[in-house]
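Take a look at the chain shown here. Keep it in view as you read.

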Amino acid sequence: MVDVLFVNIDGSRTTAQAEPGSRLLEVAQNAGMPLEGTCEGQMACSTCHVIISPDWFDKLQPPSDDEEDMLDLAAGVTRTSRLSCQIQLTEEISGIAVRIPGVVRDMQIG
């Protein structure tokens with residue numbers, strides 16, 4: 001199993017576990033994080049934008065040019081921003097810390 005630590009907008013922390021190969025977006029949604037993922041991982045939106053802890057950012061595969069383009073549209077982007085739909089969890093990144101940005105769009109929770 002892969003452990004993921006989510007830091008929510010209010011600073012609360014939630015730990016989730018997932019099978020290796022799971023996408024970070026689905027794990028976040030299952031853990032109750034306010035990420036919409038409107039395009040369902042097709043990189044046609046930025047509603048699954050997250051901020052990866054700097055300690056973990058360089059351990060991920062680099063973002064594609066398409067992902068970088070979508071991040072340009074996200075609110076509150078930082079140097080360690082990523083689209084959670086593009087991060088596949090592996091045992092090597094078990095324990096990854098992910099912060100939910102201060103501005104999120106989730107039509108499911110209003």
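## About the model

The model is predicted. Keep that in mind throughout.

## The salt bridge

Side chains of opposite charge can pair when their charged atoms come close. The structure holds 1 salt bridge. Its partners are Glu67 and Arg82, whose closest N and O atoms are 2.7 Å apart. That pair counts as a salt bridge because the cut-off is 4 Å.

The bridge links distant parts of the chain. Glu67 sits in helix 3, which covers residues 65-71. Arg82 belongs to strand 4, residues 81-83. The two partners are 15 residues apart. Are they buried or exposed? Glu67 and Arg82 are both buried.

## The largest pocket

The largest pocket has a volume of about 200 Å³. Which residues line it? The lining includes Arg82, the salt-bridge partner of Glu67. Also among the lining residues are Arg23, Lys59, Leu60, Gln61 and Gln86. Ile87, Gln88, Thr90, Glu92 and Ile93 complete the list.

## Two residues with positive phi

Glu40 is not a glycine, yet its phi is positive, near 55 degrees. Where is Glu40 placed? Glu40 is in the loop between helix 1 (24-30) and strand 3 (49-52). Glu40 counts as exposed because its relative accessibility is 68%, and the cut-off for exposed is over 50%.

Met43 also lies in the loop between helix 1 and strand 3. Met43 has a positive phi of about 55 degrees, and it is not a glycine either.

How values were computed:
Residues are numbered from 1 along each chain as its sequence is written. This is a predicted model: local features need pLDDT of at least 70, side-chain atom pairs count only at pLDDT 80 or more; totals for chains, interfaces and linings use all residues. Side-chain values use heavy atoms; hydrogens and water are left out. A salt bridge is a side-chain nitrogen of Lys or Arg within 4 Å of a carboxyl oxygen of Asp or Glu. Helices (H or I, at least four residues) and strands (E, at least two) are DSSP runs, numbered from the N terminus. Buried means under 20% relative accessible area, exposed over 50%, partly exposed in between (1.4 Å probe, protein chains only). On a 1 Å grid over the protein atoms alone, a cavity is a set of points where a 1.4 Å probe fits but cannot get out, and a pocket is an open set with protein on both sides within 12 Å along at least five of seven lines; lining residues have an atom within 4 Å of a point. Grid points are joined across faces, edges and corners, and a volume is the space filled by probe spheres set on the points.
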